[in-house]
Amino acid sequence: MKSSVIIFPGSNCDRDMDVALKKFGFKNQMVWHNDPEIPKSDLIVLPGGFAYGDYLRCGSIAAKSKIIKSVVDFANSGGLVIGICNGFQILIETGLLPGALLTNKYLKFICKNVFVKLNKNESKYFKNIKKNVLELHIAHNDGNYFCSKDELKSLEDNNQIAVNYCGQNGEVTEKFNPNGSINNIAGIFNKNKNIIGMMPHPERMIDKYLSSNDGNFFFENLIKNLK
Amino acid sequence: MKIKVIVTLKEGVLDPQGKAIQQTLNGMSFSEVKQVRQGKYFDIEVNIEDEKKAKAKVEEMCKKLLANLVIEDYKIL
């Protein structure tokens with residue numbers, strides 16, 4: 001399985017993602033944002049970070065990069081695209097995912113472990129995953145997911161809500177909402193479920209000696225579903 | 001010519017920074033402040049002399065980059 005991680009000026013989780021993908025068997029390649037096209041891939045990842053210093057709006061400048069046209073074409077033809085944190089913000093700014101990510105409700109940069117509940121629908125990402133609730137890491141200032149009521153209804157009707165912030169036992173309640181996101185939304189799919197954007201970082205949770213290893217469930221399952 | 005643009009969050013979209021500014025002003029005894037909404041201001045110099053054409057171009061820029069129409073409104077001054 002071949003994957004590509006796109007690097008923008010200001011990306012800072014690109015190498016963590018590279019390590020995680022390789023650990024679970026992906027042949028990963030790093031792609032610079034100014035490259036004209038992406039090498040043949042089964043998966044494209046837009047990593048976390050602060051592309052272009054979050055100028056204007058998080059992800060807005062990166063969404064106009066040269067490489068993005070290839071990402072959009074790949075996604076629109078059914079290719080798998082993951083956006084983590086800043087990558088999620090970029091996917092939203094490209095219009096591949098609906099809604100917006102606002103500044104956290106309490107104006108604080110949040111850096112901590114959280115529990116998230118996965119929507120185990122038929123997506124390649126979570127189908128057959130061994131756990132319903134994962135402990136992952138978040139580190140963001142602008143992860144407050146927002147969309148209109150109509151959009152929210154459409155997300156629910158199409159089963160597009162991928163990940164919710166929750167308690168250790170999967171309780172999706174306001175108490176476990178770190179940033180003010182509507183309905184504790186931490187990540188969403190596009191309608192076809194080939195694109196996922198989420199604020200939590202599975203790539204930071206692949207080594208129990210460094211952090212924790214719930215991210216292993218995500219990557220192990222993903223490559224299994226792709227084979 | 002120069003075109004000025006203001007981008008603000010739409011009504012109904014939470015503006016925590018505006019809220020914090022409002023609370024600070026209230027705390028500074030500006031008790032008359034009921035609400036603050038924070039926005040962005042752009043000064044755009046274009047090499048188009050015709051005002052109508054320049055504004056049309058800037059409007060295109062607003063829609064494509066300067067504002068995120070899901071959460072923001074723009075005003076060309």
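User: In what order do the 9 strands of the open sheet in chain A run?

Analyst: This is a predicted model, where local features need pLDDT of at least 70, side-chain atom pairs count only at pLDDT 80 or more, and totals for chains, interfaces and linings use all residues. Residues are numbered from 1 along each chain as its sequence is written, and chains are lettered from A and ligands numbered from 1 in the order in which they are written. Strands here are DSSP runs (E, at least two residues), and helices are runs of H or I with at least four, numbered from the N terminus. Two strands pair if DSSP finds at least two bridges between them. In chain A the order is S2-S1-S3-S4-S11-S10-S9-S6-S7, with mixed pairing.

User: Which are the edge strands?

Analyst: S2 (27-32) and S7 (133-140) of chain A, each pairing on one side only. Neighbouring strands of this sheet are turned by 25° against each other on average, direction ignored; the axes behind such angles are lines fitted to C-alpha atoms.

User: How do S9(A) and S10(A) pair?

Analyst: S9 (residues 161-166) of chain A runs antiparallel to S10(A), over 3 bridges. Val163(A) has Gly187(A) in S10(A) as its bridge partner.

User: Now the helices. Which residues of H2(A) are buried?

Analyst: Buried means 20 or more other C-beta atoms within 10 Å of a residue's own, with C-beta atoms placed from the backbone; exposed means 12 or fewer, and partly exposed is in between. As background, an α-helix has 3.6 residues a turn, so residues three or four places apart point the same way. For H2(A), the buried set is Ile68(A), Ser70(A), Val71(A), Phe74(A) and Ala75(A). They sit on the same side of H2(A) because they cover an arc of only 160° around the axis, the arc being that of the directions from the helix axis to the C-beta atoms.

User: What do those buried residues pack against?

Analyst: Contact means C-beta atoms, placed from the backbone, within 7 Å. The buried residues of H2(A) pack against S3, S4, H3 and S11 of chain A. Just after H2(A), Gly78(A) has a positive phi of about 100°.

User: How many residues of H3(A) are buried?

Analyst: 9 of its 9 residues (86-94), Phe88(A) and Glu93(A) among them. What covers them includes H2 (68-76), S4 (80-84) and S10 (185-189) of chain A. Gly95(A) follows H3(A), with a positive phi near 90°.

User: And how many residues does each chain give to the contact between A and B?

Analyst: Chain B gives 9 and chain A gives 11. On the chain B side, H1 (residues 16-27) supplies the largest share, 3 residues.

Definitions and conventions
Contact = placed C-beta atoms within 7 Å. Axes fitted to C-alpha atoms, helices over the stretch in contact; angles between N-to-C directions.
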